Amino acid sequence: MTDSSSPLRILLTNDDGIDAPGIAAMREELTAVGDVTVVAPAENQSGVGRARNEHAVRRDHPWGYALEGTPADCVAYGLRGLDADFDIVVSGINDGPNAGNYVVGRSGTVGAGVEAAFLGTPAIAVSGYHARDFFCHPPEEYDFSRPARVARALTERVFGTDVFDEVDLLNVNAPADVPSPRMRVTRPFADYDQQVDHHADAGALPDGDREGGLDDDEVYVRLQDVSWPDAVGFENPFPLGDEHRDRYPVGSDRRAMVDGEVSVSPLAVHHGHATDPRLASVVESLSEQVE
């Protein structure tokens, strides 16, 4: 750890790729408060969670390094492969929100922070959303300066406090289009379902996915997330009306987004367990029966 008078030593990564506008905005802000080293994926790695690879190719970049790997690979390499110590890992800015416990668990942006936490370094994962458009896509058409300023201020303020004594990772969702948004401590909300479609017709296959179509005993299965009410896959669930304020209680990350606020969710990543005496009883009885 550095003392309060020394610049922060920051490892910066993302999941949209090293050339994405979000990481450029984040780097510009963070260089004002610390020494920033970038190790980020060479290409877009959205939605990979904490997936890891055993091998990766590294290439030089003006900001640090581009790695042909996942966000978690980038953090693992940055924290253990460089001759440098880091005080904190910042991941982002993602060009779209990561809110809700299922989405958070699959996010490459958050996955980078989880990897950092397992390696003993506190982390902040930052995602930008638009209060009307939801996803900031295509990202080149959006200004990520507001989420970047929020992340910079939060990084400065929390570092050196006792926040990371109990918290491993802060997951932040900040609006790109709301002036002076309120900031709220939140928890990831559980709201998820899955839509499954079956197609026997080869015409339903995505172009180029399967030469020759389907065999007689095959069916094309399409799995699509239902992560927001009435929105399947990557459909835009915004604008959200008053009924969503009732669905998502105050204090949830999704309610903060409905209200155009900055959501800050403190997360622990040690996969703690729940204690249930009923399970203990079942296991004890089975241990006497199974040979």
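**Entry 1. The annotated domain**

I looked up the domain annotation first. An unreviewed UniProt entry places the feature "domain: Survival protein SurE-like phosphatase/nucleotidase" at residues 10–187. I then turned to the coordinates, which belong to a predicted model. In residues 10–187, the end C-alpha atoms lie 25 Å apart. I recorded that this span is 31% helix and 25% strand.

I asked how many of the 10 residues of α2 are buried. Eight of them are, and I therefore noted the helix as mostly covered, buried being under 20% relative accessible area. The buried residues are P71, A72, D73, C74, V75, A76, G78 and L79. I next asked what covers the buried residues of α2. The cover includes the strands β1 (8–13), β2 (34–41), β4 (64–67) and β5 (88–95), together with helix α4.

**Entry 2. The packing of α2 and α4**

Two packed helices are described by the angle between their axes and the distance between the axes. I looked up both values for helix α2 (residues 71–80) and helix α4 (residues 108–118): the axes come within 7 Å and cross at roughly 30°. Angles under 35 degrees count as roughly parallel, so α2 is roughly parallel to α4. The crossing of α2 past α4 is right-handed. From α2, the contact is made by P71, A72, V75, A76 and L79. From α4, G108, G111, A112, E115 and A116 take part.

An α-helix has 3.6 residues a turn, so residues three or four places apart point the same way. I kept this rule beside the list of contact residues for later reading.

Most residues other than glycine have a negative phi, and most peptide bonds are trans. I searched for exceptions.

Two cis peptide bonds were noted. The bond from G92 to I93 is cis, with omega near 5°, and I93 is found in strand β5. The bond from H137 to P138 is also cis, with omega near 0°; P138 lies in the loop between β6 (123–129) and α5 (145–158).

I also noted positive phi values. F134, although not a glycine, has a positive phi of about 70°, and its place is in the loop between β6 and α5. D230, likewise not a glycine, has a positive phi of about 65° and lies in the loop between β10 (220–226) and α7 (242–247).

Is F134 buried or exposed? F134 counts as buried because its relative accessibility is 4%. D230, at 76% relative accessibility, counts as exposed.

Terms used. Residues are numbered from 1 along each chain as its sequence is written. This is a predicted model: local features need pLDDT of at least 70, side-chain atom pairs count only at pLDDT 80 or more; totals for chains, interfaces and linings use all residues. Side-chain values use heavy atoms; hydrogens and water are left out. Axes are lines fitted to C-alpha atoms, for helices over the stretch in contact, and angles run from 0 to 180 degrees between N-to-C directions. Helices (H or I, at least four residues) and strands (E, at least two) are DSSP runs, numbered from the N terminus. Angles under 35 degrees count as roughly parallel, over 145 as roughly antiparallel, 65 to 115 as roughly perpendicular and the rest as oblique. A crossing is left-handed if the near helix is turned anticlockwise from the far one by less than a right angle, and right-handed if clockwise. Contact means heavy atoms within 4.5 Å. Buried means under 20% relative accessible area, exposed over 50%, partly exposed in between (1.4 Å probe, protein chains only). UniProt positions are given in the numbering used here, feature names are shortened, and annotations may be inferred rather than shown by experiment.
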